[in-house]
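Please look over the sequence and the structure shown here, and then follow the sections below.

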Amino acid sequence: MTKSAEDICARSIGVRAHTRFPVLVCEGPHAAHCHALELSASGIVVERGRELSDRELRAGFKLELFVPDAPRPVRVLAKPVRAVSRTAYAFKFVLIADADRLTLMEHLDHQSSDSRHLLDEIEQGVA
């Protein structure tokens with residue numbers, strides 16, 4: 001699959017965009033500070049910094065997403081669905097409030113607008 005200039009691609013679960021913001025990943029009493037790499041309405045790819053154990057791969061996680069410009073962290077329950085790399089994992093949202101999903105979609109829309117604006121500037125500079 002080729003990536004567009006906007007870093008947005010369509011996948012079977014919806015539109016996904018590259019992003020970068022802090023994420024707190026909690027499983028029981030354990031918490032880890034991570035970073036979001038990709039985001040969609042139904043899930044997120046997180047750079048974890050270490051591999052998940054076999055037990056963690058089957059666990060549910062509470063994620064706190066510190067989305068830029070959001071008034072508060074977006075809180076979701078999620079399950080890991082695949083390893084993207086040795087330390088990055090895709091999580092599917094199991095439970096998320098409608099208002100929080102809207103916050104995520106507004107962030108994706110803002111990311112897309114910024115990318116389109118940058119692409120337009122590049123095209124004007126080349127022409």
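## Overall layout

Read from one end of the sequence to the other, the protein follows the pattern β-β-β-β-β-α-β-β-β-α, which comprises two helices and eight strands. The model is a predicted one, and the descriptions that follow should be read with that in mind.

Of the 127 residues of the protein, 36% count as buried. The protein exposes about 7600 Å², and carbon and sulfur atoms supply 55% of that area. Among the contacts with a separation of 6 or more, 49% are accounted for by residues 24 or more positions apart.

## The nonpolar core

The largest nonpolar core has 25 residues, and those with the most contacts inside it are I44, L63, L65, F91 and F93. At least two residues of this core are supplied by each of β3, β4 (30–39), β5, β6, β7, β8 and α2.

I44 shows how such a residue is surrounded: leaving aside neighbours within four places in sequence, I44 is in contact with R16, F21, V23, A36, E38, L39, L63, L65, Y89, A90, F91 and F93. This list includes L63, L65, F91 and F93, which are named together with I44 as the residues with the most contacts inside the core.

## Salt bridges

The structure holds seven salt bridges. One of the pairs is E27 with R55, whose side chains meet at 2.7 Å, N to O. This pair links distant parts of the chain, since E27 belongs to strand β3 (residues 22–27) and R55 to helix α1 (residues 54–57), 28 residues apart. E27 counts as buried because its relative accessibility is 14%, under the cut-off of 20%, whereas R55 is partly exposed, with a relative accessible area of 42%.

E51 forms a salt bridge with R86, and the closest N and O atoms are 3.7 Å apart. E51 lies in the loop between β5 (43–47) and α1, while R86 lies in the loop between β7 (74–83) and β8, so the pair ties together parts that are 35 residues apart in sequence. E51 is partly exposed, at a relative accessible area of 45%, and R86 counts as exposed, at 56% relative accessibility. Elsewhere, R48, R50 and E56 are linked in a network of salt bridges.

Not counting residues up to four places away in sequence, D100 touches R72, V74 and R75.

With R72, D100 forms a salt bridge in which the closest N and O atoms are 2.8 Å apart. The pair links distant parts of the chain, with R72 in the loop between β6 (61–65) and β7 and D100 in helix α2 (residues 98–126), 28 residues apart. R72 is partly exposed, with a relative accessible area of 41%.

## A nonpolar patch on the surface

Which residues form a nonpolar patch on the surface? The patch is made by L77, V94 and L95, which together have about 280 Å² of accessible area. L95 lies in strand β8 (residues 88–96) and is exposed, because its relative accessible area is 53%, over the cut-off of 50%.

Definitions and conventions:
Residues are numbered from 1 along each chain as its sequence is written. This is a predicted model: local features need pLDDT of at least 70, side-chain atom pairs count only at pLDDT 80 or more; totals for chains, interfaces and linings use all residues. Side-chain values use heavy atoms; hydrogens and water are left out. Patches are made of residues with over 30% relative accessible area and no salt bridge: like charges are joined within 9 Å, nonpolar side chains (Val, Leu, Ile, Met, Phe, Trp, Tyr) within 5 Å. Accessible areas come from the Shrake-Rupley method with a 1.4 Å probe; for residues, only the protein chains shown count as cover. A salt bridge is a side-chain nitrogen of Lys or Arg within 4 Å of a carboxyl oxygen of Asp or Glu. Helices (H or I, at least four residues) and strands (E, at least two) are DSSP runs, numbered from the N terminus. Buried means under 20% relative accessible area, exposed over 50%, partly exposed in between (1.4 Å probe, protein chains only). A nonpolar core is a set of buried Ala, Val, Leu, Ile, Met, Phe, Trp, Tyr and Cys residues joined through side-chain atoms within 4.5 Å. Contact means heavy atoms within 4.5 Å.
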